[in-house]
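Dear colleague,

Please find below the structure that I am handing over to you. My notes on the domain interface and on one residue follow it.

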Amino acid sequence: MAAIFFDVDGTLVRWRGDYADVLTDAFERAAGTHRGEWLDHYDERFFHHFGAFADDPYRRAFADVCDEHAVGCDPEALAEALVAAEFDAVEPVPGVEAAVDALADRHTLGILTNGVPDVQFGKVAEIGLLDRFDARVASHDPEIGATKPDSDIYEAAKARVDAERYVMVGDDREPDVDGAREHGFETVHVDATASDLSAPDFRTLATLL
Ligand SMILES: [Mg+2]
């Protein structure tokens, strides 16, 4: 039995369009309008608060945008609109459902993601796969407080499941492959832009299936 952890964005789910469209949708839903400069400022402030592990980085970033640009809208309402817009905008990475179902028969599956727990796990719920993942680890869980490729998040994941082998499946080289290998995971690198789930590390996947 292996513990197989999946990244979320670009591995289990992807956006139907650009993220700018999702953010535009959120402003339109909550404020009834949007400006290009609001989107840019939001992105910059979100990553500032996210990087500082502030609680509720979405609301804090919208509060900064509302202050700076005199947007007459409640930051909390904007944050709720953004999460709803994100949930509406996700689709499964092609091929991932079959791979997850096949692996879930024989192994313990987990999520190992950089992000806010409710948002990250909610996106997986949107595509109908959350119940396949018994171990759920998100960087911005207050008990974790570390993002891939920091050691603490991989160690937290391993502490959740007692397994003979640990595997990380993900689309992003540094957090999902290099960092995971350094901390004792075998790795499967997927390309979410391909038309089907691709696994260049066929040796690892073949021994798991
Ligand atoms: Mg990813």
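In which loop is the place of D7? D7 lies in the loop between β1 (2-6) and β2, where strands are DSSP runs of E with at least two residues and helices are runs of H or I with at least four, numbered from the N terminus. Before the details, please note that this is a predicted model, in which local features need pLDDT of at least 70 and side-chain atom pairs count only at pLDDT 80 or more, while totals for chains, interfaces and linings use all residues. Residues are numbered from 1 along each chain as its sequence is written, and side-chain values use heavy atoms, with hydrogens and water left out.

**Surroundings of D7**

D7 counts as buried because its relative accessibility is 7%; buried means under 20% relative accessible area, exposed over 50%, and partly exposed in between (1.4 Å probe, protein chains only). Its side chain makes a polar contact of 2.8 Å with that of T11 and another of 3.1 Å with that of K148. A polar contact is a pair of N or O atoms within 3.5 Å; within protein, one must be able to donate a hydrogen and the other to accept it, and residues adjacent in sequence count only if both atoms are side-chain atoms. Leaving aside residues up to four places away in sequence, D7 touches residues including L112, M168, D171 and D176 (contact means heavy atoms within 4.5 Å).

**Domain interface**

The protein is divided into domain 1 (2-15 + 90-208) and domain 2 (19-89), with bounds from an automatic or database domain assignment. Their centres, taken over C-alpha atoms, are 27 Å apart. Domain 1 gives 17 residues to the contact and domain 2 gives 11 residues.

Between them the domains bury about 1,100 Å², 72% of it on carbon and sulfur atoms; buried area is the accessible area (1.4 Å probe) that two parts lose on being put together, summed over both. On the side of domain 1, W15, V119 and H140 lose the most area to domain 2, together 51% of what that side buries.

The rule finds one salt bridge across this interface, a salt bridge being a side-chain nitrogen of Lys or Arg within 4 Å of a carboxyl oxygen of Asp or Glu. Two residue pairs are in polar contact between the domains, both at pLDDT 80 or more. On the side of domain 1 that touches domain 2, β2 (13-15), β3 (90-92) and α6 (117-126) each supply at least two residues. The largest share, five residues, comes from α6.

Kind regards
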